There are 2 protein chains.
Amino acid sequence: MRRSFQGTAMQEFDLSQISKAAERLRPYVTRTPVLTSPMLDAAAGCSVFVKAESLQKTGSFKIRGALNKMLSMPDELLQRGVITYSAGNHGQAVAAGAKLVGCKSVIVLPDNAPTIKVENCRWWGAEIVLYNPQTQDRADVVDRIVAERGMTFISPFDDFDVMAGQGTAGLELCEQLEALEVVPDVLIVNCSGGGLSSGVITAVKAKFPDVEACIVEAAGFEKMAAYLESGTPERIKGSPVTIMDGIAGPATGAKTLSVLKRHGVRCLSVADDDAIGAMNAAFRWLKLVLEPGGAASLAAVFKYRGQLAGRNVAIVSSGGNVDPGVFAKSLS
Amino acid sequence: MRRSFQGTAMQEFDLSQISKAAERLRPYVTRTPVLTSPMLDAAAGCSVFVKAESLQKTGSFKIRGALNKMLSMPDELLQRGVITYSAGNHGQAVAAGAKLVGCKSVIVLPDNAPTIKVENCRWWGAEIVLYNPQTQDRADVVDRIVAERGMTFISPFDDFDVMAGQGTAGLELCEQLEALEVVPDVLIVNCSGGGLSSGVITAVKAKFPDVEACIVEAAGFEKMAAYLESGTPERIKGSPVTIMDGIAGPATGAKTLSVLKRHGVRCLSVADDDAIGAMNAAFRWLKLVLEPGGAASLAAVFKYRGQLAGRNVAIVSSGGNVDPGVFAKSLS
């Protein structure tokens with residue numbers, strides 16, 4: 001990659017990559033709807049525009065980034081296959097994306113991963129490599145396979161191609177808001193590593209430069225907020241527990257950080273109870289199944305209602321992969 | 001209405017009304033997505049294309065027909081307001097539609113109607129008129145108000161404007177299937193009075209004349225199947241009970257019958273357990289909240305799998321207004 005002396009994300013990541021990603025992805029991804037509900041608006045005290053990425057293929061936005069990475073690779077690399085470590089939405093997206101483009105995939109999982117997640121990855125045709133989390137580091141396992149088999153590692157977030165792919169959800173959101181003749185005042189995007197938020201905020205800021213861009217993290221996992229404040233990668237403090245597993249990863253990214261920093265995002269956070277309440281709101285007023293982490297942005301709409309009153313608030317509801325037992329908790 | 005000597009539904013109802021309705025409705029309704037899932041396809045043994053009308057405004061397709069009726073009325077009539085009898089999806093749609101176009105609405109409800117349904121209609125600004133179902137006939141109550149106040153009755157189904165409005169879901173479905181480069185072999189639409197099915201089947205048959213058009217009714221409530229067979233309106237036999245309240249109305253329509261008859265539809269039916277299973281499938285693979293009656297077409301995909309194997313099956317998932325307690329049953 002070419003770098004200027006002051007090589008920043010400014011040069012490296014902008015709308016043009018996201019637009020190119022949108023062209024590549026068009027035949028493969030679902031153009032998810034932007035949903036509204038007057039009853040939801042009345043309850044929230046603002047006008048909410050929900051980009052429902054829970055309805056995306058594989059049940060989350062992750063297929064956008066994984067597929068864009070694969071479709072950006074030279075054929076000879078793609079033929080050797082792709083590899084990642086994640087039993088969650090990213091792992092399933094890499095496995096599904098590989099099946100769609102017709103390449104091999106390896107998913108590296110701890111040997112205590114839930115059977116259902118292992119089976120999901122296998123269902124898409126992925127080869128599963130198990131490791132012992134007590135004695136092995138997953139990065140080492142991946143590095144060994146990359147060296148031996150020439151496979152390409154697909155980062156869950158810290159990769160411009162992945163970020164550009166996720167950003168296509170933001171590009172669609174802009175087009176859909178324009179069709180509704182709505183100018184968003186506030187944008188709220190779920191954030192863990194920052195792949196979705198950096199991509200979506202870049203796209204939406206390009207079209208609506210005055211939008212107030214916010215990320216929302218799981219309480220106890222405010223990695224990006226800490227990183228943005230200190231300027232150095234921060235570790236999670238203590239041993240927090242959350243049902244928002246989709247946004248409770250241990251690390252955030254340097255590339256994603258640089259993009260979010262440039263946009264001057266505001267950092268929000270929500271707790272498990274907020275997420276459960278938002279899942280109930282999505283069930284009741286939007287008829288959407290959201291997973292706890294995927295409901296964080298809707299949870300923020302209610303938690304920060306005092307600051308959002310009367311405004312146009314665009315959010316991304318990022319995923320719907322939730323166990324029935326967890327979802328049942330949101331119904332009572 | 002002008003009638004030829006052989007005045008049939010052929011002259012009275014065709015694609016042109018549906019196309020005009022689509023123009024009228026464009027600013028008001030959500031273009032709901034057509035969703036697919038390889039995992040669902042594998043479980044069902046065919047390729048399923050789900051038009052998700054549960055994501056429509058007010059949580060069901062009903063807003064299409066109600067709004068098209070209102071938007072087709074002369075201004076002077078519209079100013080006197082609209083009236084209907086239904087505490088369910090149609091009543092909410094009439095109330096919401098009236099609010100959208102800025103006219104008055106009256107919803108006639110039995111005095112034992114569930115509070116939540118009464119409140120929903122009131123929320124949209126409707127005036128509620130209660131009657132005693134032991135001593136009064138709801139049609140008489142409606143007729144009296146129509147006579148006194150010059151309001152226009154909006155039929156839940158047996159009205160060409162209502163049918164044309166519901167048909168716009170089918171028109172969108174066709175456009176979306178064409179964008180996916182898919183030719184449907186089979187179309188399955190939920191049916192009670194027949195407003196949705198007559199409209200959608202007319203639209204889809206016009207674009208895909210070779211499609212096998214099916215309606216699906218709730219077991220015990222196969223009014224349309226009986227009517228199509230005998231040629232005379234049939235009453236429900238016995239006192240069947242179902243959780244599929246959305247498609248368990250007591251009557252079907254003459255106009256809807258004539259349209260469905262012309263298209264030579266095939267009649268399917270599903271039981272409560274089938275609907276619960278389909279709600280679970282929609283939760284798991286599509287991330288959709290479906291009400292039992294709204295899930296009937298998906299239930300039929302599984303029940304009739306032997307006859308659908310390997311085919312392209314387009315369905316309309318018609319609504320998502322379900323009590324949390326009923327939905328919870330589908331999660332276990």
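This is a predicted model: local features need pLDDT of at least 70, side-chain atom pairs count only at pLDDT 80 or more; totals for chains, interfaces and linings use all residues.
1. **B:Glu181.** You'll find B:Glu181 in the loop that runs between helix H9 (160–179) and strand S7 (186–190) of chain B. Have a look at its backbone too: phi is near 60°, a positive value in a residue other than glycine.

2. **B:Lys287.** Here is another positive phi in a residue that is not a glycine, this one about 60°. B:Lys287 sits in the loop between helix H13 (272–286) and helix H14 (296–303) of chain B. With a relative accessible area of 8%, B:Lys287 is buried, since the limit for that label is under 20%.

3. **How the two chains relate.**

4. **The interface.** Chain A puts 28 residues into the contact and chain B puts in 28 residues as well. Together the chains bury about 2300 Å², and carbon and sulfur atoms give 77% of that area. On the chain A side, the trio to check is A:Met39, A:Phe283 and A:Lys287: they supply 28% of the area that chain A buries against chain B, more than any other three residues.

5. **H13 against H14 in chain A.** Helix H13 (residues 272–286) and helix H14 (residues 296–303) of chain A pack at an angle of about 100°, and their axes are 8 Å apart. So the two count as roughly perpendicular to each other. From H13(A) the contact draws on A:Asp274, A:Ala275, A:Ala278, A:Ala281, A:Ala282, A:Trp285 and A:Leu286, while H14(A) brings A:Leu298, A:Ala299, A:Phe302 and A:Lys303. By type, the residues of this contact split into 9 nonpolar, no polar and 2 charged.

6. **A:Val216.** This residue belongs to strand S8 (residues 212–218) of chain A. Its relative accessibility is 0%, so A:Val216 counts as buried. Setting aside neighbours within four places in sequence, A:Val216 has contacts that include A:Ile188, A:Val189, A:Asn190 and A:Cys191, along with A:Ile247, A:Leu268, A:Val270, A:Ala296 and A:Ala300. A:Ser269 is also among the contacts of A:Val216. Those two are 53 residues apart in sequence, yet their C-alpha atoms are 5.0 Å apart in space.

7. **A:Ser317.** Strand S10 (residues 312–317) of chain A holds this one. A:Ser317 is buried, at 1% relative accessible area. Not counting residues up to four places away in sequence, A:Ser317 touches A:Val50, A:Lys51, A:Ala52, A:Glu53 and A:Ser54, and also A:Leu290, A:Gly294 and A:Ser297. Note A:Ser297 in particular, as it turns up in the contacts of A:Val216 and in those of A:Ser317.

Conventions: Residues are numbered from 1 along each chain as its sequence is written. Chains are lettered from A and ligands numbered from 1 in the order in which they are written. Side-chain values use heavy atoms; hydrogens and water are left out. Helices (H or I, at least four residues) and strands (E, at least two) are DSSP runs, numbered from the N terminus. Buried means under 20% relative accessible area, exposed over 50%, partly exposed in between (1.4 Å probe, protein chains only). Contact means heavy atoms within 4.5 Å. Axes are lines fitted to C-alpha atoms, for helices over the stretch in contact, and angles run from 0 to 180 degrees between N-to-C directions. Angles under 35 degrees count as roughly parallel, over 145 as roughly antiparallel, 65 to 115 as roughly perpendicular and the rest as oblique. Ala, Val, Leu, Ile, Met, Phe, Trp, Tyr, Cys and Pro count as nonpolar, Asp, Glu, Lys and Arg as charged, and the others, Gly among them, as polar. Buried area is the accessible area (1.4 Å probe) that two parts lose on being put together, summed over both.
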